[in-house]
Structures are given as C-alpha cells and as structure tokens.
Amino acid sequence: MQTYLNPPLSEWKNLIQRPVQKSEDLQNIVLEVFENIRNQKDQAVIRYTERFDKAKLNSLRVTAAEIEKAIASVSTELKDAIQLAFGNIQKFHASQKENKNLIETTEGVNCWRESRPVENVGIYIPGGSAPLFSTVLMLGIPAKLAGCQNITLCTPPDENGNINPAILFTASLIGIQNIYKAGGIQAIGAMTFGTETIEKVDKIFGPGNQYVTAAKQIAQNFGIAIDMPAGPSEVLVIADAGANPEFVAADLLSQAEHGADSQVILLTTDENILQQTLAQIELQLTQLPRKSIASQALLESRGIVLNSIEECIAFSNLYAPEHLIMAVENAENYTEKIICAGSVFLGNFSCESAGDYASGTNHTLPTNGYARNYSGVSLDSFVKKITFQKLTEKGIQNIGPSIEKMAEAEQLFAHRNAVSVRLKNIKDRNQLTK
C-alpha cells in the first residue's frame, strides 16, 4: 500500500486516479458476440458458454427440479441469514415508495406525478469465484416492490453446468422464476436482443467484470437502459485518532479481496493510525483465502495522512468513492459535507459488509468516480415517473395568455392556437349566457 504524508493539493489529482484496466479492444469483442447472438440466438449463447465458462449445456433455462435440489442443499443457517437480510432490504426499499402529491400550481391548474414499473428487467448476477447471491436480494427485491412484470435473471454456470445453490434459493425466496445459465457478454447480449429462450428486456441491472461492464454500456446503443456505469469495487475510509486500526484494516481488505483491480484508500489525520493499520493489514492478510487477489489490489491502493477531517472529506468528494466509511468521532456531524459517495457508513461499528449484505441499503453502487453524477440502485431505478396535469376552464384562463405570448415569441403559432381556440370557446359561451 502506497503511503503519503500531507500531500499538497496539487498532487490530489494524481492520487485519486484508479488503476488502469487492461487495454483490450473490448468494444470489438462485445460487438462480435452481440452480432452472433442476434443472428444465432440460443445456439450462440450455448457456444460462448462452453468457450468462456467451460460448461456444455443442452438448455439455458434452470429447471424447477434444479431449483428444488438447490434449495434442499442450502444450510438452514445460511437460509436464516438470507431471510434476515431479505426482511431488512425489503423494509428499507418499501419505504421509498412515493405517494401521489397533487399540486395546484395556479388556480385551476393541477399537476402531479405517478410511478409505473419498468415492465421487463434483466438482472445479471456474477458467478465464478464469488457467486454474489446477495446481489439477487439487492436487485430482485426492489424489482418486485416496483411491480416489474417480467424479471429475467442470468448468471454463469460452473463447469458442470450448475448454478450456485444460494443464488437459486435467493431467487426462489424473492419469487424470480425466469433464471438462465448465461454469463459474461453473452448474457448481456441475450437480454439485449432476446433469444428463443431468454427474454428481451428493457433495462439491465447488475455488476460484473470489464467484459460485462463494456457489454452493458454498448447495450445502450441498441435501446436498452442500464442501472449505471460500473467498474471495480472500492472503499475509502476516513479515520481519526480514535479509530480502531484492526477494524479499519478489515474494512480495507474486505474490498481489496473483490478483485486485483479493486482499490482501497485510507485517509487519516493521525500517522500512528496509518502505521497501525498497515501492520494490521499484513497480519490479517495472511489469514485470507483470497490473499493473492487482495495483495494485488493493495499495490494500487493508498494510505494518506491529511491535516483535518474536513480536508479528508474534501479529498473524498474529489475521489467520489463507491463506499465511504467515516471511522471518526461524532461522524454524524460531518454528513452534510459529504457530496460525492455511493453509500456512507458512520462510526466504528458500521462496517461496509453490513451494507453489502443485511443492513437494508442497496449495495449496487456507482464506482470509478461515477458517484459524482449517479446514485446507487433504489426502488426508483425500477420505475418510470409520469407527470400528469389537469386544467379547468379557470386554469386555462389564468395561464393561457402567458402561453400564447411565449409560443408566439418562439414562432410556434400552432402551439399558440391550441390555447387561443380554447380561450375563444370559453369567451363565446360566456357571451351566450349573458
């Protein structure tokens, strides 16, 4: 982990840089896979699954029998843990439902907004070395709460053609029925164009490696919406002299183990905390099964001593982390100063893992600095907002003349006339009744 003591503001721009990913021509790879899937559909998805995931499949759809077998194989302890998380995540996301709020902007002019679900959504769940069944909760629960009619879940199989049992149990708990053995670019392509088996969707959600990320971004060129741009996972910890170095090291390693291209940042006002945390990282690292992955991530990670918590927050806002941990005294006093972050964890006992699994907030968050202009996934991600307005005769009389003037100034005379004919109709009827 690289360390810096009170770097000047002029160096911050370099210190906030993320690791550069491999310079492969991802766009051409994605477009080639997409074209084959659009033309050959299931056949192409099955062929790419054998090529990339080493799994020979006869069909893409997960059967009811496979789901039942998977449910039976998940331990009672894990089922209970998933159900606890389910309850908290559902409670938090249900609170985000928006009630209709009718506003009278002018007498006789009423405006309001209503939510409608995105009808067909696709959920991508990474498999491989870290099958993220927790992401099924984070995406499936708000999709169900929003009322999405069709939820398609794609996740890569192992070499035997099986899906991780915890993923299937979690999907079943939520009520997701359309589950497919497809990962990587081919899964995104299948949901973008549709195949004989996999439904075409309107919006794609979920994290993934650089290939999945590139595929999601290119899917937008074919009329498919996505949740957000994404990249490797990251955490930034701000720690004062009262922070617990053991806790801080554990939080940094929890993100470093995601992947070799992940990045973790420690900002502290106390050099002793930095040194103690580095020692704890070395100690805890030896105990991790994913030690080699975390070690690679630490090579591009940083520990920085700054002069004040306010200065640390200013650096954090510039970095715009996916996860921000405030391991400082009276952390709540600083929340208004936090401008750019995906999700924030306040105090020494608010570990980032809580948000990843069971506190209730969503763990699908903007990375790679996109917290400057994107929010994490929420109930709103699965709905569209439709505005309504209703004008009475009094309403059109009150604002009609202003509309006429504005339309005329823009030389849109048909727009003006749509108002003028109504005002004339009202005037003529009023004269008849006199």
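## A pair within helix 16

Asp-428 and Lys-424 both belong to helix 16 (residues 413-433), where they stand 4 residues apart, about one turn of the helix; helices (H or I, at least four residues) and strands (E, at least two) are DSSP runs, numbered from the N terminus. Their side chains meet in a salt bridge at 2.8 Å, N to O, the term being used for a side-chain nitrogen of Lys or Arg within 4 Å of a carboxyl oxygen of Asp or Glu. Asp-428 is partly exposed, with a relative accessible area of 29%, whereas Lys-424 counts as exposed at 53%; buried means under 20% relative accessible area, exposed over 50%, and partly exposed in between (1.4 Å probe, protein chains only).

## Basis of the values

This is a predicted model, in which local features need pLDDT of at least 70 and side-chain atom pairs count only at pLDDT 80 or more, while totals for chains, interfaces and linings use all residues. Residues are numbered from 1 along each chain as its sequence is written, and side-chain values use heavy atoms, with hydrogens and water left out.

## Other salt bridges

A search of the whole structure finds 11 salt bridges. One of them joins the side chains of Glu-98 and Lys-385 at 3.8 Å, N to O, and this pair links distant parts of the chain, since Glu-98 lies in the loop between helix 5 (76-94) and strand 2 (103-106) and Lys-385 in strand 14 (residues 383-391), 287 residues apart. Glu-98 is partly exposed at 39% relative accessibility, and Lys-385 is likewise partly exposed at 29%.

The side chains of Arg-116 and Glu-114 also meet in a salt bridge, at 2.7 Å, N to O. Here Arg-116 is partly exposed at 32% relative accessibility, but Glu-114 is buried, with a relative accessible area of 18%.

## Helix 11 and its surroundings

The buried residues of helix 11 are Ile-273, Leu-274, Thr-277, Leu-278, Gln-280, Ile-281, Gln-284 and Leu-285. Seen down the helix axis, these residues fall within an arc of 165 degrees, so they line one face of helix 11; the arc is that of the directions from the helix axis to the C-beta atoms. The face turned away from this buried side carries the exposed residues Asn-272 and Glu-282.

Among the elements that cover the buried residues of helix 11 are strand 1 (2-5), strand 9 (234-239), helix 10 (245-256) and helix 12 (291-299), contact meaning heavy atoms within 4.5 Å.
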